[in-house]
Amino acid sequence: MPSDKTPDEIKREYQNTLRKAKVISAITIVPWSFYLYANISDSQTLLGIGKITFLAIASTATIGYTLFWKLAWKCPSCGNFPGGGWSRQSCNSCGVAL
Ligand SMILES: [Zn+2]
């Protein structure tokens, strides 16, 4: 699918997507870290919050991350997944500079 976006627009859009991906990754990693820490330290609560609550938050965040990855992590030019990684220079699918 050809795109009429300028190279600058494509780069800007991809940077926006990447920024959201980083935020969502952080939201996913933090509750998992708390959950794993609670397991390692053998405590049932952390900061007054039950271990199972962290597990529930972490699971929900993981689902959100997966949905984002599948639905929103797209090349602004061709609309396909451009390939993983935080410092991608070009789209794996159409080759446009990102
Ligand atoms: Zn592409």
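User: At what angle do the axes of helix 1 and helix 2 cross, and within what distance do they come?

Analyst: Two packed helices are described by the angle between their axes and the distance between the axes. In this predicted model, the axes of helix 1 and helix 2 come within 8 Å and cross at roughly 155°. Axes are lines fitted to C-alpha atoms, for helices over the stretch in contact, with angles from 0 to 180 degrees between N-to-C directions. Helices (H or I, at least four residues) and strands (E, at least two) are DSSP runs, numbered from the N terminus.

User: Are helix 1 and helix 2 roughly parallel or roughly antiparallel?

Analyst: Angles under 35 degrees count as roughly parallel, over 145 as roughly antiparallel, 65 to 115 as roughly perpendicular and the rest as oblique. Helix 1 and helix 2 are therefore roughly antiparallel. Among the residues making the contact are I24, T28, P31 and Y35 of helix 1, and F54, A58, A61 and F68 of helix 2. Contact requires C-beta atoms, placed from the backbone, within 7 Å.

User: Which residues of helix 1 are buried, and what covers them?

Analyst: A residue is buried if 20 or more other C-beta atoms lie within 10 Å of its own, exposed if 12 or fewer, and partly exposed in between; the C-beta atoms are placed from the backbone. In helix 1, Y14, T28, P31, Y35 and A38 are buried. Their cover includes strand 1 (45–46) and helix 2 (51–71).

User: Is N39 buried or exposed?

Analyst: N39 lies in helix 1 and counts as exposed, because it has 12 C-beta neighbours inside 10 Å. From N39 to F68 is 29 residues in sequence and 28 Å in space, C-alpha to C-alpha.

User: What does the span of helix 1 come to?

Analyst: The expected span is 1.5 Å times one less than the number of residues. Helix 1 (residues 7–40) has 34 residues and reaches 48 Å from first to last C-alpha, close to the expected 50 Å. Just after helix 1, D42 has a positive phi of about 60°.

User: What pattern does the chain follow, and how spread out is it?

Analyst: The pattern along the sequence is α-β-β-α. The radius of gyration, taken over C-alpha atoms, is compared with a globule rule of 2.2 Å times the number of residues to the power 0.38. Here the radius is 18 Å, well over the 13 Å given by the rule for 98 residues, so the chain is more spread out than a compact globule. Buried residues are 13% of the 98.

User: Which numbering and confidence limits apply?

Analyst: Residues are numbered from 1 along each chain as its sequence is written. Local features need pLDDT of at least 70 and side-chain atom pairs count only at pLDDT 80 or more, while totals for chains, interfaces and linings use all residues.

Terms used:
Two residues are in contact if their C-beta atoms, placed from the backbone, lie within 7 Å.
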